[in-house]
Amino acid sequence: MIPAKIGPISITTIREKGVEYIVDWFDQHKQSFYTLGWSYIRNQQQMEELFYRSIIKIHKELPRFKSETSFETWVTSIFIHTCRELSDDRSLQASEESEQHKDLFKALDQLKEYEKEAVVLTYIKGISQEDTAHLLQVSVEKMKEHLFSGIQSLRKGMGYGSRFNGCKEYHKNYIDYLERTLDRSKKVDFEIHIYHCQDCQEDLAAFQDVMLTMLNLTERMEDFHVPSGFMENVKDRLAEKEKHRQQKNKKRRRMGLVFASVFAILMGIEVFTGSFTNLYYTWTEEDEQLRAFLQHDLGERLNLEAESDGVKIKIKSAIADDVQTLVFYEIEDTAEDNQYVIDYHEGVSVENEPEIMSRVKFPRYYPPDLKSDVNNKEKNVYHGKISLLPLITDNGTIELKITKLQKLIRDSSDRNSFRTYQNMEYETGEWNFKIPVTKQPSIEYALDEETEVEGIPVRFDKLTIAPTATILQYAISNEQPEKRIDILNYDHLKVNNKKVKADMYGSSFFDSPQDMNWTTFQTHFEPLFGEKPKKVNAQFESVHLTIEDQKTIELDASQQYPQTFEYAGSTISIDKLEIGQPTNIVLSNHEIENRAYESLQFNIVGEDENETSSMEMNSEGVLVDKNWIKYDMNENPVAYEEIEQPRYFFTVQSIMVHSDNAGEKVTPKRMDIYGYNTTKYLNDVVKISLE
């Protein structure tokens, strides 16, 4: 059986063994896929065609499988796409329908396509909500909306009617609440509301009935057997196709011998051409980052231009891979001495994004590069880059539309900084481009290394070397509730003898539902051009921890404040406790040197023993470096990354506690402290084996 995670070696094995390997995998999973297929199409002939086409497509697309999701999820995405093709093909429409199908899928046939897919994948195929969202190429929240509307539609079709009037603002909580995945604070708020709202009680009960019906339907699917001889018929068709392929290959081999000598000559020319290209771009390309891509033949010059109101934008090149699509640009103000940058979130859109780009990933953020020589050479010209979504095809044309540019207002006291969020100015216009792009391949290395950070296991799973980034995928154990790692920062990777710095904005959560005891993350580093890693060392920088350390502090409004209590080796003051609407509580601790905690995790509990769910908090704090030198960011702004080992300590926390009932005062009974957060700087190096 093919494992859920497929590394480069096993993919190679599958390619060597050919279609037979994939057929064997389908033979072992035919029950669930046969059931899924019946959600779209109608008879045995179509089902055989569905399996036949899916296996061929999977074999063809296998080199592009990147193991970012499980193999089964990837196969399911291709299977669903094939289902849609066949269900739209009128030449294959069934003349008769299975009586078994009419009975089993009658409830589902009434749904809209997007509702049915969400319901079938989640409750019949048994795929997680995150993977279902990935398959349908929508966000998890949008998928939940489809799931909710699908269950609502089923409820009407099952005789419940539309008489239920639950509060719409709480509909989004139904599924997570019934599946027991709702956040603690939201759960408390929801249960309080349900307790007081009769309409929502009835609405939720009917909704739960339909979900239980879906689970019963799932149990009935186990009796929906695949007909005998089904896979044998599919295998016979595949064997016939392979026979024809081999006959064609015999003819091609003769022609291949003729072209072999020509290819050898071309390879020799490429050696000389590559050397010349490297020198050519050294002379002609000012942007060092773009120059590196061009020298390694990862893109080509485009020089596409558009002008609006005296501002000229030139698209210099575009580099695409499975991580992102990097667009290098140059902006010239031909009328005045202004520099402008493109902000992906303001006035930038890809008109044909749904057709050519993946919505599963997110564009990376690249701040303006003010220190480079090229951007300090001319006052009216700026060279930059933006990250767009990765392509879903091998090549395509990006229809980029720009309607707004951000003016680069440099700080007069420091030419290497600028005001990002205050007093921003924009230049409006319209610049349109059609950018041809070709997706470059990436290389993945399966890892099997484990270490400990602050006593918590950290596992290294995968190293991806893409043209635009180097990505380290790792997992952190969450089996120690008394201590957990929230963020693990890296300083750099050393691959062979080359260091690549970690991207300050390049760490992200990477969902991996297959292993519930580990939480998976990815960290992005600078690209490695042409490196084939033999030795990899990971240098840690810092770790942000949550420490569980429970303590209960009794609160009594009749007492005089301030009062103090001891926690985590520090003396904390309750400066104020004022009953009202809202009730105000103020905590403070100005002694920060060698303090164990940076911030506290706590909740206020009222007299009715319910955790108060509505709290607002304002905080004050102080930023210090490794030597406990304080920085006042208002009086003397300093870039955060320029401070050596910065830490931010909360010194004052003002809590406003609101009642759920308007006009009612909140009388707090106690404060439950769950734990605290702290940052530790590391100097650990982990040697990672690629064998």
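This is a predicted model: local features need pLDDT of at least 70, side-chain atom pairs count only at pLDDT 80 or more; totals for chains, interfaces and linings use all residues.

Student: Why is the pair of tyrosine 34 and tryptophan 38 called edge-to-face?

Tutor: The ring centres of tyrosine 34 and tryptophan 38 are 6.1 Å apart, and centres within 6.5 Å make a pair. Their planes stand at 70°, and planes over 60 degrees apart count as edge-to-face, so the name applies. Tyrosine 34 and tryptophan 38 are both buried.

Student: What makes phenylalanine 51 and phenylalanine 79 an edge-to-face pair?

Tutor: Their ring centres lie 5.6 Å apart with the planes at 85°, and since the limits are within 6.5 Å for a pair and over 60 degrees for edge-to-face, the pair is edge-to-face. This pair links distant parts of the chain, with phenylalanine 51 in helix H4 and phenylalanine 79 in helix H5, 28 residues apart.

Student: How do you know that the charged end of arginine 237 sits over the ring of tyrosine 52?

Tutor: The charged end of arginine 237 is 3.9 Å from the centre of that ring, where the distance limit is within 6 Å and the direction must also be within 35 degrees of the ring normal; the contact is listed as sitting over the ring.

Student: What makes strand S2 and strand S3 a pair?

Tutor: Strands S2 and S3 share nine bridges in the antiparallel sense, and at least two bridges are required, so they pair. One of the bridges joins isoleucine 313 to isoleucine 331 in S3.

Key. Residues are numbered from 1 along each chain as its sequence is written. Side-chain values use heavy atoms; hydrogens and water are left out. Helices (H or I, at least four residues) and strands (E, at least two) are DSSP runs, numbered from the N terminus. Rings of Phe, Tyr and Trp (its six-membered ring) pair if their centres lie within 6.5 Å; planes under 30 degrees apart count as stacked, over 60 as edge-to-face and the rest as tilted. Buried means under 20% relative accessible area, exposed over 50%, partly exposed in between (1.4 Å probe, protein chains only).
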